[in-house]
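Here is a walk through one protein chain. Keep the sequence and the 3D view open side by side as you read.

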Amino acid sequence: GFSTESKERDVLAASINKTFFQGHMNYLYFRLIDTCLFEYKFESSVVYRLFQEGRELKIHLKTDEMIKLADNWNKRGYKTTESLNAYFDTKKRTTEIAALLGKLARKHLNDLDYEKIDKWVNEYNATPELVKYAFVVNDYRTQVKVIHVDEKLREWYAAGVKNLDEANVYEAERYSENKAKASRKRAKDNVWRTGKEAGITSDNSENKPVAEPEKATPVDDDDDPILGMFGGDDEDY
């Protein structure tokens, strides 16, 4: 019943007040504890952990920051001790990715970089391995920037790539697609095209196989309708 609830709440509030505020807790924090318990339905241990986290982040004396943190936990569903593990997992990954990125990009990360990392972890669910790979696939650039890593991770996320293995497959497919495109373009730019590509639409020549560049043998203009179209071999093509 409510009396048990309010007793629990009093014990919790007293404990938080003593541990984190030396007994001088602002009334706004009492209200925050009530919000967490009765509106957000946090377990008592989670509310206590919220204040611990606030102290670690050095925001436990800033009411608006603490309210924001509680709201964030509520939105992400960190209401039980169990679900809190997810929070600490993302926190750990964020720390690891930040260290890795600083090392790879050889720079001190700024607030914008941290915002991106936050998105990679919380929205894209990226692992440090995935971030490292997103950096590596960009290394054809003279300088790989955080923005390039961000673009690659966004591209993977949009394509439904969830882990390193899937990213490898995706990149391999893109590589062969690009190679095929490049060779198609080369074939198109080449004088030796298929009849159809060369714009010859009369039935007889369309059905005739046209020499491939590799198998091409020099022939007389008169014998070959295709070569004839290109004005013979004395002109420069």
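**The chain as a whole**

Among contacts in the protein chain with a separation of 6 or more, 52% are between residues 24 or more positions apart. Contact here means heavy atoms within 4.5 Å. This is a predicted model, in which local features need pLDDT of at least 70 and side-chain atom pairs count only at pLDDT 80 or more, while totals for chains, interfaces and linings use all residues. Residues are numbered from 1 along each chain as its sequence is written, and side-chain values use heavy atoms, with hydrogens and water left out.

The protein chain has eleven helices and zero strands. Helices (H or I, at least four residues) and strands (E, at least two) are DSSP runs, numbered from the N terminus. Of the 237 residues in the protein chain, 33% are buried. Buried means under 20% relative accessible area, exposed means over 50%, and partly exposed lies in between (1.4 Å probe, protein chains only).

Start with the aromatic rings. A pair of aromatic rings is described by the distance of the centres and the angle of the planes. Rings of Phe, Tyr and Trp (its six-membered ring) pair if their centres lie within 6.5 Å; planes under 30 degrees apart count as stacked, over 60 as edge-to-face and the rest as tilted. The whole structure holds twelve aromatic pairs. One of them joins Phe21 and Phe51, edge-to-face, at 6.0 Å centre to centre and 80° between the planes. This pair links distant parts of the chain: Phe21 sits in helix α1 (residues 2–21), Phe51 in helix α3, 30 residues apart. Phe21 and Phe51 are both buried. The rings of Tyr40 and Phe42 have centres 5.6 Å apart and planes at 40°, so this pair is tilted. Tyr40 and Phe42 are buried too.

Phe21 and Phe51 also belong to a cluster. Ring pairs connect Phe20, Phe21, Tyr29, Tyr48 and Phe51. Now look at His60, in the loop between α3 and α4 (63–75). Leaving aside neighbours within four places in sequence, His60 contacts Phe20, Phe21, Tyr29, Phe51, Gly54, Arg55 and Met66. Is His60 buried or exposed? His60 has a relative accessible area of 12%, so this residue is buried.

The relative accessible area of Glu53 is 0%, so Glu53 is buried. What does the side chain of Glu53 join in a polar contact? The partner is the side chain of Tyr87, at 2.5 Å. A polar contact is a pair of N or O atoms within 3.5 Å; within protein, one must be able to donate a hydrogen and the other to accept it, and residues adjacent in sequence count only if both atoms are side-chain atoms. Beyond four places in sequence, Glu53 is in contact with Leu69, Trp73, Tyr87, Phe88 and Lys91.

Next, move to helix α7 (residues 128–136). Its buried residues are Pro128, Leu130, Val131, Tyr133, Ala134 and Phe135. These pack against α5 (81–105), α6 (111–122), α8 (146–158) and α9 (164–189). Take the packing with α8: the angle is about 115°, and the axes are 9 Å apart. Axes are lines fitted to C-alpha atoms, for helices over the stretch in contact, and angles run from 0 to 180 degrees between N-to-C directions. Leu130, Val131, Tyr133, Ala134 and Phe135 of α7 make the contact with Val149, Lys152, Leu153 and Trp156 of α8. These residues divide into eight nonpolar, no polar and one charged. Ala, Val, Leu, Ile, Met, Phe, Trp, Tyr, Cys and Pro count as nonpolar, Asp, Glu, Lys and Arg as charged, and the others, Gly among them, as polar.

Lys152 lies in helix α8. Its relative accessibility is 10%, so Lys152 counts as buried. A polar contact of 3.1 Å connects the side chains of Lys152 and Glu171. Not counting residues up to four places away in sequence, Lys152 touches Ala134, Val137, Asn138, Glu171 and Arg174.

Finish with the backbone. Most residues other than glycine have a negative phi, and most peptide bonds are trans. Lys41 has a positive phi, near 60°. Lys41 lies in the loop between α2 (27–39) and α3, and is exposed, with a relative accessible area of 58%. Arg106 also has a positive phi, near 50°. Arg106 is in the loop between α5 and α6, and at 77% relative accessibility Arg106 counts as exposed.
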